[in-house]
Amino acid sequence: MPRHLFPCALLLGLTPVLLPAHPNHSATQKTTVASVPATEPPPGKSEVSITVEGDRRVIIANGLPDHATGRFPNADNPNGIGAQRYRFSLPARPVAAAAPTPLVRQPFGIAVNGVLFDPGTAEMWHNDRASGWHYEALGGAFSLGLDDNNAHVQPNGAYHYHGVPVALLRQLSGGREQMTLVGWAADGFPIYAVWGHREAGDAASPAVKLRSSYRLKQGTRPTANGQPGGAYDGIFVEDFEYVPGRGDLDECGGRTGVTPEFPGGTYHYVLTEDFPFVPRFFRGKPDASFARREGP
């Protein structure tokens, strides 16, 4: 039987686990994908330390969530959650780079509970990395066993978020519609979730759901040279395009403005309920510590 690499393994530099080929790696349109109910207690105590040491923010964590998760293993994800040994160092006073840096083969950042934000997958059209068509984890082509927190598990046991960490956000915000710091990006800038001030520079401005500036492309995908065809509907990352000014955020999924933690203003990322969910570009330079992954 043909085999493929388990989702996300290649992007993270992990030793991949080979599984039977997914029957939908030829999918060209959305289907109905249900999330796994997050009803399971955490598999252990979440341990995380976030300290500022000179000009560095140092984050040490075991990667275990501090909220209920889906059942892992499950029908579409064969891995159980296991503790990790994370140690990341990032700039405490980050600066923007001259040009955005694309997210490639590494996590985007880490949540305040020590769980990684990791939006990429290794799922490709016909399992062909040369095809250039990457399946989007939240695109609805097929199930990757994600739970209600938009999270699932790597072969090494690492639980990680592909989108808004629903339970963590609810826990941190108390269910209120407000700016909520949920983590730190690999370049040192803070990560907020869903909500931001209507006027970025005005702390008295009401909180609103912020929109990304990406949209679905119009028309249909090409079919030449074995490309997938079908209408652009969001199952592939390449189905989307950035349109400056279309939403509230830039191509990196962020903006400059005031936040509760930075009343004088700072550049910050925002996780969104629409694509890209978790940003796919860095405004600053990602720290090399995020390129390393240590097993349990």
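A: In this predicted model, the protein has one helix and 19 strands. Eight of the strands form an open sheet with mixed pairing. Read across the sheet, the order is β9-β10-β8-β7-β11-β12-β18-β17. The edges are β9 (151-153) and β17 (254-257), each of which pairs on one side only. Strands of a sheet pair through backbone hydrogen bonds, either parallel or antiparallel.

Within the sheet, β7 is placed between β8 and β11. Strand β7 covers residues 109-111 and β8 covers residues 116-117. These two strands run antiparallel and are joined by two bridges. At the residue level, Gly109 stands opposite Phe117 in β8.

The surrounding fold can be described by a few overall values. For 296 residues, a compact globule would have a radius of gyration near 19 Å, and the protein agrees with this because its value is 18 Å. Taken along the principal axes, the box filled by the C-alpha atoms is roughly 55 × 45 × 35 Å. Of the contacts between residues at least 6 apart in sequence, 66% join residues at least 24 apart.

Buried residues account for 53% of the 296 residues. The accessible surface is about 12,700 Å², and carbon and sulfur atoms contribute 52% of this area. As for charge, the protein has 26 positive and 28 negative charges, and the mean positions of the two sets are 3 Å apart.

How values were computed: Residues are numbered from 1 along each chain as its sequence is written. This is a predicted model: local features need pLDDT of at least 70, side-chain atom pairs count only at pLDDT 80 or more; totals for chains, interfaces and linings use all residues. Side-chain values use heavy atoms; hydrogens and water are left out. Helices (H or I, at least four residues) and strands (E, at least two) are DSSP runs, numbered from the N terminus. The radius of gyration is taken over C-alpha atoms; the globule rule is 2.2 Å times the number of residues to the power 0.38. Buried means under 20% relative accessible area, exposed over 50%, partly exposed in between (1.4 Å probe, protein chains only). Contact means heavy atoms within 4.5 Å. Accessible areas come from the Shrake-Rupley method with a 1.4 Å probe; for residues, only the protein chains shown count as cover. Lys and Arg count as positive and Asp and Glu as negative; His and the chain ends are not counted. The place of a charge is taken as NZ of Lys, CZ of Arg, CG of Asp or CD of Glu. Two strands pair if DSSP finds at least two bridges between them.
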